[in-house]
Each structure stands twice: as C-alpha cells, then as structure tokens.
Amino acid sequence: MECSLHFGQVEGWAMKLTLSVIKADIGSVGGHVSPSKHLRETVASYIAEQGTRLILDHYVSYTGDDIAILMTHSRGEGDEQIHRLAWDAFRIGAEAARQEGLYGAGQDLLKDSFSGNVKGMGPAVAELEFDERPNEPFLFFAADKTDPGAYNLPLYLAFADVMNTPGLILSPRISRGFRFVIMDVNHTTGDRVIELDAPEDLYDIAALLRDPERYVVVESVWSRAGGEQAVAVATSRLHNIAGKYTGKDDPVMLVRVQMDFPATGEVLAPYAIGHFVGGCMRGSHQMPLMPVTLNTGISYFDGPPIVSCAGFCVHNGKLTEPIDGFAQPFWDTVRGHVANKAMEIRRQGFIGTAMLPMSELEYTGIAQKLSSLDEKFHMRVTEKVHAIN
Ligand code: F6R
Ligand code: MG
Ligand code: MG
C-alpha cells in the first residue's frame, strides 16, 4: 500500500457515503508502461495534504500507465471540489512528469482549465453514493490498454448468468434480478442510455453488450430487490472528447458485493476467461484481458490488456487496507492461460480480427494508405492476366 494514506473520520456516524475513483494517464517510464515512483508520490502527497478537509479517506494506486485516486467522502457524486482535488493532483503530477521527461506527460488532461467536473476533460470517473451498510465490502477495478466495453462480459456473467452466479437462484433477494443501464457511446447526437431488466430482458441486454466498442454498461447496475446501485463504470471515451484518438480509455469500475449483490467470488470469476478486448499495441488490436496484481506494469506487445482489483471494506468512510483480488495463486494459472491466448492471436499479426476495425484504430496510417491506393485501383475489363514485363 505504498501510496495509501488515511484520514480520521467521525466515530459512529451512520452516513450517506460517496466513493469516487478518478484516474488518468499523466506520464510513464519506458513507454506506456507504468508511472514513475516520483510521479505516484507527487499525486499521493498532493491528495494527502490538500484533501484533509474534503475527504474521509483515500487510496492511490496504479495499473499499467494509469494512476487512480480512490476517495471516500460525503459530498455526493460529481462534486466540484472533489473533482477539482483530483484534477489539481493530476495537473501537478503532469508537471512533475514533464520535469522527469516521462513519456506522454499530461496525456489524459485534455482541457486547459477546470470547469466544475472532470467528466469530459480526459480523466475517467466512476462514483457510487449509498447508505453505508454496517459492513460494506466493495471492489475497485482498474484496466489498462483497453476500453470500457472490457467490463461488458464480466458484468453480464456476474449479474445475469446463473452459470456464473449461483446466488441468482440460491438467494431469494438476488433472484429478483438486476437492472442494467447501458450507454450507447457512439451515438451521433451524444451519449444515450437504455434501462433493461435481467432476467426478463436478457436477450436484449446480450444483443447490446455483444458490441463492446459501441455499447458499454454505464455507471449503473442496480439491485431490483433493494433498489440500490451495485456498479459504477467509467464510460468516457477519450476520442469523443478530443475529436481524435488520444489513447485507450482504460476504464475504472466500482462494484458493491455480498448481501443483495453478487458475492466477491461471483464478481471475480468471469476474469478467469481472459476474454478478448479492444486495445493493446497502439490501442488497435484484439487481445485477451489478463487479471493482474495491484500496481502491475505493461510488457508484452504493449499489453496484454490488464485488469486489477482492490477489495475493501469501508466503515464510516474509513477504508480497510486493500486485498488484492488477483494475487491468490489460482490467478497464476489464469495468467498462464491468457499469455498463451495472447501469443496465439499474435501469430496472426495484422490480419482479420487480430486488429480492431477501422473506426477503433488509434492511428490514421491505414486510412491514409487506403485512400492513396484508391486512385491506383482500376476496373477489371477483361479476364486477361497482365504479365509483368
Ligand atoms: C493506453 C495506451 C495506448 C497508447 C497507444 C498509442 O494506456 O497507452 O492506448 O495510447 O499505444 O501510443 P503512442 O502513439 O504514444 O505510442
Ligand atoms: Mg497510456
Ligand atoms: Mg493507460
């Protein structure tokens, strides 16, 4: 827990708690690999020093080249001061990254001045506000070298598929199902959402989630038994903000677990699949998602895309130390399996599904090549084969 610091809290306070996680890539060592120790410490000490009056607790970590600031507070979602605190920590971090000469310094800070909320400014945000249960376990996921659609399959399996989640038949309350709020992020007139209920709308949910580059599970999956929010996913797409690709979105996610929600193990189990997601090298490939331990960097083929999970209990806004969701020896076997899948698809290089479709490529090289080749195409008028002379 290198960068984590705790503040005091009001003893015995039954409270409406907000969890806010805000993450950004503001520079890294050796390419898009991981932030420097100095950069991590700069961000963590800014939050520790400037956050005392605002937040109850925090935890700063990294996944690949992204730094995530998890904060607990009672100010609600989208709070200007909480967002400003994170924005300023990243801005000061970006300056430190520039001074160290880190690669991509300040990359995800797409706007010059803060305008009340970091949504739409580059950093990814996931927030959950709820009445704290007497014991409140939750999971914080962070993924690198991929986009928010990476969580589609794990969320579908955890919240809607009894083959993964026996709680859906074992627990009468969980049996009442979950509401999925799904966002269409590429719609031309702006983001739009749809609310669908599992199990009745299962096939509609599946039909939408099958296209992870377009639809994402939004900030919310809700328990139909208690009406409480279980999941918040960061849905921002950097290329929708910047007007061009500036890097993969590398989404964070918060998931409340147990009681009315799936158990921790039911939420983690789908990551054993190592399903293929968009991202990896130059943000332009399909590669399997590897569950990794906290504070892991990037390596093979600028990937593979990774996901980490820190589990906490929170009480009166105070966080326990994190447990590392993917450190247990079971996940070593999964990692071996995912590494084999990754090497297998890489044998296919640039052909077919190994590379993302045109609309999702982070680079313009292929589009330029195709348009310059376009004028060299000519209609075939005879069946004759032209000999080279
Ligand atoms: C995501 C990430 C990648 C890069 C992409 C392009 O964290 O780092 O999506 O944005 O690989 O990187 P450049 O063009 O800087 O080599
Ligand atoms: Mg990056
Ligand atoms: Mg990243």
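I took as donors the N, O and S atoms within 2.8 Å of the metal (3.2 Å for Na, K and Ca); water is not among the atoms, so sites may look incomplete. I worked on a predicted model, in which local features need pLDDT of at least 70, side-chain atom pairs count only at pLDDT 80 or more, and totals for chains, interfaces and linings use all residues. Residues are numbered from 1 along each chain as its sequence is written, ligands are numbered from 1 in the order in which they are written, and side-chain values use heavy atoms, without hydrogens and water.

**Metal site.** I found the magnesium ion (ligand 3) coordinated by D65, D66, D144 and D250 through OD atoms at 2.0 to 2.8 Å. In sequence, the spacing of these donor residues is D-D-x77-D-x105-D. I noted that D65 bridges this ion and the magnesium ion (ligand 2), the two lying 3.3 Å apart. I looked up burial (under 20% relative accessible area is buried, over 50% exposed, in between partly exposed; 1.4 Å probe, protein chains only). Both D66 and D144 are buried.

**Salt bridges.** I counted a side-chain nitrogen of Lys or Arg within 4 Å of a carboxyl oxygen of Asp or Glu; the count comes to 20. E136 pairs with R256, with the closest N and O atoms 2.9 Å apart. E136 is buried at 1% relative accessibility, and R256 is buried at 0%. R256 also forms a salt bridge with E228, at 2.7 Å between the closest N and O atoms. Shared partners join R133, E136, E228 and R256 into one network.
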